[in-house]
Amino acid sequence: MDRPIRVLVAKPGLDGHDRGAKVIARALRDAGMEVIYTGLRQTPEQIVNAAIQEDVDVVAMSILSGAHNTLLPKVVELLKAENVDDVLVIGGGVIPDDDIPFLKEKGIAEIFTPGTPTSVTIDFIRANVKRK
Amino acid sequence: MFEKEKLDQIKESFDAYNAKVEKSLEKNPERKKAFESGSGANVNRLYTPLDIADFDYMRDLGMPGSYPYTRGVQTTMYRGRFWTMRMYAGFATAEESNKRYKYLIEQGSMGLSVAFDLPTQIGYDSDHPLAEGEVGKVGVAIDSLADMEILFDGIPLDKVSTSMTINAPASVLLAMYIAVAEKQGVTPDQLRGTIQNDILKEYIARGTYIFPTEPSMRLITNIFEYCSKEVPQWNTISISGYHIREAGSTAAQEVGFTLADGIAYVEAAIKAGLDVDTFAPRLSFFFNAHNDILEEVAKFRAARRLWAKIMKERFGAKDPKSMALKFHTQTGGSTLTAQQPDNNIVRVAIQTLAAVLGGTQSLHTNSKDEALALPTEESVRIALRTQQIVAYESGVADTVDPLAGSYYIEAKTKEIEEEAMRYIKKIDELGGAAKAIDLGYIQQEIMDAAYNYQKDIEAGRRIIVGMNKFQIEEEPPKGLLKVDPSVGELQKKKLAELRATRDNSLVQQRLEELRKACQGDDNLMPFILNAVRAYATLGEICGVMREVFGEYQQSVQL
């Protein structure tokens, strides 16, 4: 890839816990990626619009409200509807293990739960980014 | 407190001790080159009278229940009665939460603490598009007085004290509480409890804001004024450092930023024409308790002493109650690990000790499974039992402020007070807390601390047991609480029924009266109460205010 990986760090849902989103955004930036952070309370539509406008390679969503099963798959669906199929979609937050298989089936490539070192997320993005 | 001659002797002895230690370090090195507190502050090898050479007992501590309240706000503290064991709870529907409250009261919980779901906290009804997937998830869904009646069904509101974690729409939920009490035959002057009502920390760290700063501050001062006359036993605000700390701040930042917010509220109320001693006795605070027990105890003591000085010297308060900082504590959610969750029971026990040794008035203890999901009934019981064991078995509640006089604790108390004061000065220079938030200053300071903390963990400079050391292979945890996804549909159905059966012309009339009041200068509480009594929904009431006041725009930065 001849340009840095571009990542949209997004906060879907209504919760205001943005410590994780901001920490991961800084860590990705320190790892040489270009990071755009959306701020709080983004609807799936807003996230997809931002992803397309900013031409990102990765959408990384942080959610701690419990609405992950509703909102994360919606982002993947809307991306598909816009014919965007080369963006890596990942998620993180307080997400019970039981919900992870469902989310993966819906097209979220990986879910990072509390305690995951930022290096794990960085490595995952580098290994799995679709645009090369 | 110490004679010069004695101090000279101690200095001589201390120097000799250090020389001896330095010599032996080559052979017997210490575990680390430098030792840091939980908040990253330097920790010395040994504390002696030299660290508190200018310590003056009467000036710096005084007696419990007296200025500057360093040793506690009550004269006998827990010898009179224990702190209020108050477990924050609420999920799904009002019916389900009502059951959990009754269970908690049965188990010895002494006060209720209501968690609302996010749509409620942001002023949306359950049928709003943004509420999709969020209804009943992190707390109970309350759309109208009808839900509130169910939430407190069979709970006598003249007997319990109720804390409500509600901020932007605090006036609406307080009005609903008053209206439920009316139906029980309980008058407002009998009601005891707290609304969080702290919008500034929502802008800083917690995120459930609705309106811009100015109308938000108006709503808050309206509540101060209304309650001072009508609901005199109610704590009108809980000025919260908890979420600031959860967002990653240090202990000293928690004190500095929280008290800076407190100063902003006091200034706003004085500007609105209120006398400081009419509302200040009902201000309360809310802090975090983390694992570094000694630093945390010093933090609580420093916060009390600093607030007392601010109220007396800066605002000229005369009533001692205006100077006494009373506070609720919650153990630190962000300290809990998803790995080996049983270890969290021990963390919560340490944090409970910190809160109690620090003189808290009430305490919520987190449950071991909270890094994974909302807590189950069993894990909540263990968390409550932790408080009961500290209260009844540990002995720490039997004498007041038992760590006072420790060289380390007193030096640390002074250090945190001074550092917090430096933050307050800086915020004053920027034009006050609201301005400092608009500029992103406070958020940036917190974020820097949070990122440093994360880097320390990843570099192994900070050990979190079970997470970056002493790991094991684990099976995914079983038996987590799951909120029934049909809650959203159920709430929508209840709302549709309500809208079909209530007197809609009365609702419209009350909402229009509220709109006019919002456009003028009247106290909004009576108008909100009238709308609530007519079963106007939370979303309708907040919708009117949104139309008049507009919405807050977050300043986004990394």
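Biologist: Which residue stands opposite G91(A)?

Modeller: I111(A) in β5(A) does. A word on the source: this is a predicted model, where local features need pLDDT of at least 70, side-chain atom pairs count only at pLDDT 80 or more, and totals for chains, interfaces and linings use all residues. Residues are numbered from 1 along each chain as its sequence is written, while chains are lettered from A and ligands numbered from 1 in the order in which they are written.

Biologist: What makes β4 (residues 88-92) of chain A and β5(A) a pair?

Modeller: Strands pair if DSSP finds at least two bridges between them. β4(A) and β5(A) have 3 bridges, in the parallel sense, so they pair by that definition. Strands are DSSP runs of E, at least two residues, and helices runs of H or I, at least four, numbered from the N terminus.

Biologist: Why are β2 (34-37) and β5 (110-112) of chain A placed at the edges?

Modeller: The open sheet runs β2-β1-β3-β4-β5 in chain A, with parallel pairing. β2(A) and β5(A) each have a single partner strand, so one side of each is left without a neighbour in the sheet.

Biologist: How do you know which strands helix α3 (residues 68-81) of chain A touches?

Modeller: Contact requires C-beta atoms, placed from the backbone, within 7 Å. Helix α3(A) touches β3 (58-62) and β4 of chain A.

Biologist: How many residues of chain B are in contact with chain A?

Modeller: 32 residues of chain B are in contact with 28 of chain A. The largest share of that side of chain B, 5 residues, comes from α18(B).

Notes:
Contact = placed C-beta atoms within 7 Å. Axes fitted to C-alpha atoms, helices over the stretch in contact; angles between N-to-C directions.
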